[in-house]
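Q: I am new to this structure and would like to learn how to read its features one by one. Can we begin once it is on display?

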Amino acid sequence: MTQAKPSKRWVAISLLAALVLIMTGGRWFYHGQKRAVRQTVAENLTAIARFKAERIADWRGERLEDAAVLVEGKSFFAEGVARFINDSNGIDARRIRSRFRSLQVHYHYDDILLVDSQGRVRLSTAEGVPGFPGYLDALSEAFRQGRPIFTELHTGKDKPAPHIGIVAPLFSQNGSAKPMGAVILICDASRFLYPLIQSWPTPSRTAETVLVQRQGDGVLFLNDLRHRPDTALKLRIPLTETDVPAVMAVRGREGVVEGTDYRGVPVVSVILPIADSPWFMVAKQDAMEIYDEWHFRSLLIMGMLAALLVGLGALGLVAWQRNQKWHYHALYVAEARLRASTERHSVILESIGDAVIATDDRGRVELLNPMAESLTGWSEAEARGHFLKEVFPIINEQTRAKVEDPVVRVLREGIVVGLANHTLLIARDGTERPIADSGAPIFNNQGEITGVVLVFRDQTAERAAETALQESEHRYRLLAENSLDAIWTMNLELEFTYINQAVFRMTGYRPEEWIGTRLQQHCDETNFARMSQAVIAEMDRGLQGEGVVFEAEMFRKNGESFWVEIHGKVIFDDNGQAVGLQGVSRDISERKRAETERERLQGQLSQAQKMESVGRLAGGVAHDFNNMLGVILGYAELAQAKVAGDDPLHADLVEIINAARRSADITRQLLAFARRQTVAPRVVDLNDTVEGMLRMLRRLIGEDIDLQWLPEGGLWPVKIDPAQMDQLLANLCVNARDAIDGVGKITIETENVHFDPRYCRDHLGFTAGDYVLLAVSDDGCGMDAETRNHLFEPFFTTKGAGQGTGLGLATVYGIVKQNNGFINVYSEPEAGTTFKIYLPRHSGQAAAEDPGAMADLPRGNGETVLIVEDETAILKLGQTLLENLGYRVLAAAGTAEALALAEAHDGRIHLLITDVVMPEMNGRQLADRLKITNPELKVLFMSGYTADIITDRGGLGDEVHFVQKPFSRQELAVKVAKALGQLEGR
């Protein structure tokens, strides 16, 4: 046997190892030198950047200290500033200006301003009154934070160079922390900041320092640049250019970075944030300048390496040519052995039951055994020399796509391979057969592949049996796995043995995670006990059991609980012994939530209907009671006018009148609850209205309770009767006071709010739109749910006997509803109470002020007045009062009688006084009928409550004259005079 020479591989390996060693060494040396250069530059840049950043931070800190000392609350200077802002005192102005100028000279400020809380300049060290763009935003922020803050760097018309200001807020000296004004110190950035930034301690063609900050979606350069002048506060680069060091700085990078600067030039940079500021320092130098010297040395090194590589290549070529000779000799020996081996094994292959095909190392057929000839339809003589893909065409059974020739894969990978499932062999006559296949490489003594042997068999019978089994299993799984409900089985240990895919949608567990777990792992003890009891009861019923249906609460994978409806049944074997359980579970969480939501909305609706019913009842009772009170009050006043002041009956009549008026107040509260009292709404600023009541409210609640007022600026206007607002606040504050035992706090707040349709769908009675919130909170004893359910009912009270009428909160509720608002109550025992009232936003002008009642009693001059009232006692009283006031009176007990009197009267009827609601027609309709024949007829309406035909939910229009029953003699006199126009111009 010929001795094989060493393979050519060792030559290639040796050359490759030498090449790798040289290249690796050269690369290591190159990068090591480059790192050293970069490290030196990075240390220099870091030292320069840190020095400048610390200097800038120190300068900012010193300016903030100047500002803090200047506005120290207890200093004489601060007291003088406060007096000047309030009184503009000339002496204080000179002192302040002198102090400002001294500070300006010593610390090189460009200007120092004194502004009031609205941002108006009250004093400046510069000539004229300079503008200060951007300072108003900083002023608001300084007031909010209560400390000096910097403005942004900026330019202006009077200050084209970049400036920066320090806003020092001033607060009231009385401890209320109310903003009073501010001192603004203005610095010219070119006097200290820019020289420090732009200087460089060592010679360099490209090095520079830039100061940047984030502005919206970009980075703003704050100083002029070395390579692009006149760019301070003008150059801006978007944050999308992430390779720019300035962009890296505002995105949070820090330290040494490489990138391209604003010119697109590669640079090495050091990024440092400026302490306590939005600024970032970037010290940079062009990479070309940094690496110039090293690039020259690198070229020399690369030239030497190239020469060395050429020499190695020549040596390798000589070695390769020598190795080729030995290679061809070894190949000849291998082929001879392969021929001998093929002859030896051909007899064996002929007798194998599986089909066998052998190929050479190019995939050409060399041998087919009889089984292979039968399955392919090719004889060995016909197939020899053809490529395997011609003799052995195979496709994927499912896609009908051609399958890769297995010989090609064996030759490529040098391993045993098998065909994937669902492979069909297409015989020469077109017959298709499912096959199982495997191919293996044939190696020679040198480990080289000299061919491939392919072994395969017909799977037609196997596939038929497998298909039947799969169809049966598929039908079962189709039912189970596509069910929306969880289908499960358990053993008697309550351990799950099967569950379908629906468990993942319901719980987040995959079926393989659920199977093997126990029931008690998926619910709490209470639900497990209920389910266990149901299982035991069903097992006790034995074969007679029909299954159980019940609801239970279980846990999802994330720990969240959810409700399921379970249909379960015990599984028995042929001997009647229980062997397990099976069932179906359905997620009913949505149904449960819907039921809960329906119950909640039904409760809200029932409460609203109850309050509406109570309101109608209260309004009706108050209306009838008002009529009786009117008679009592009117006749008592008439009797009082006839009795001398020293008569014993005079004092008795005074008490009767006072009692009637107190009773009238109670009926007004009932009418307020019923939303039927007369009101005169005006467009008001709720903040102004509350502030006007603060002093009265503080006296009302006492000194032990702290009243805190938190208004929101820019409050929207609302339209409401100011008297109603006074009544509303007084009732809420008194209730809050009574809920506090000893020392406590009441807080009144205002705020603009908006309700969207989604919120209103979940809160019955709310309407989408803009509202003004008035919130009254206390830290008192709070209320339980039962008390909250009856809170707004008339005469409901938790106070002791004689301590309250129970109408305070009922009145609040009525006022809010009458003004188209909403009210919410938040309270828990021992956790205080908050009333939140929402009044609709109004856009319009404020109405003119009511001139008020007259000091003297207006009297008539014989004008004819037609009074219509279906209550006889009120009609008689009204007639008597009007005649005593000097009017000629026509009295009618109904509308028909009024029309008849008007038609029979020869002269002019100057005024109609009519009740609003009467049996035949209402007061408005009567007035319209009478104006047909008396177009100049004036009308004064009267009622115990305001009807909707005259008002919109209780609000009177400006053109309607109205008197509320019960009325006094003076009230009637004034209203009649106004209706006749006798008080105009007074």
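Q: Where is D652 found?
A: This is a predicted model. In it, D652 belongs to helix α17, which covers residues 648-674.

Q: Is D652 buried, partly exposed or exposed?
A: Residues under 20% relative accessible area are called buried, those over 50% exposed, and those in between partly exposed. D652 has 46% relative accessibility, so it counts as partly exposed.

Q: Which residues gather with D652 in a patch of negative charge?
A: D646, D647 and E655 gather with D652, and the patch is on the surface.

Q: How do I read a salt bridge?
A: Side chains of opposite charge can pair when their charged atoms come close. The rule used here asks for a side-chain nitrogen of Lys or Arg within 4 Å of a carboxyl oxygen of Asp or Glu.

Q: How many salt bridges does this rule give?
A: The count is 33 salt bridges.

Q: Where do D66 and R63 lie, and how many residues apart are they?
A: Both are in helix α1 (residues 9-70), and they are 3 residues apart, about one turn of the helix.

Q: Are D66 and R63 buried or exposed?
A: D66 and R63 are both buried.

Q: Which residue forms a salt bridge with R263?
A: The partner is D286, and the closest N and O atoms of the pair are 2.6 Å apart. R263 sits in the loop between β9 (255-260) and β10 (266-273), while D286 is in strand β11 (residues 279-286), so the bridge ties together parts that are 23 residues apart in sequence.

Q: How exposed are the two partners?
A: R263 has a relative accessible area of 27% and is therefore partly exposed. D286, at 7% relative accessibility, counts as buried.

Q: Where do K557 and E513 lie?
A: K557 and E513 form a salt bridge whose closest N and O atoms are 3.1 Å apart. K557 is in the loop between β21 (548-555) and β22 (561-572) and E513 is in helix α14 (residues 511-514), so this pair ties together parts that are 44 residues apart in sequence. K557 is partly exposed at 41% relative accessibility, and E513 is partly exposed at 27%.

Q: Which residues do salt bridges that share partners join into one network?
A: The network is made of E208, D261, R263, K284 and D286.

Q: How do I read a polar contact?
A: It is a pair of N or O atoms within 3.5 Å; within protein, one must be able to donate a hydrogen and the other to accept it. Take S827, in strand β29 (residues 822-827). The side chains of S827 and T833 are joined by a polar contact of 2.8 Å. A polar atom of the S827 side chain also lies 3.1 Å from the backbone oxygen of G832.

Q: Is S827 buried or exposed?
A: S827 has 7% relative accessibility and so counts as buried.

Q: Are D230 and D276 buried or exposed?
A: D230 is exposed, with a relative accessible area of 53%. D276 is exposed too, with 76%.

Terms used:
Residues numbered from 1 in each chain as written. Predicted model: local features only at pLDDT ≥ 70, side-chain atom pairs only at ≥ 80, totals over all residues. Heavy atoms only, no water. Patch = residues over 30% accessible without salt bridge, like charges linked within 9 Å, V, L, I, M, F, W, Y side chains within 5 Å. Areas by Shrake-Rupley, 256 points an atom, 1.4 Å probe, with all protein chains shown as cover. Lys, Arg positive; Asp, Glu negative; His and termini not counted. Charge placed at Lys NZ, Arg CZ, Asp CG, Glu CD. Helix = DSSP H or I, 4+ residues; strand = E, 2+ residues; numbered from the N terminus. Buried < 20%, exposed > 50% of the residue type's maximum accessible area, 1.4 Å probe, protein only.
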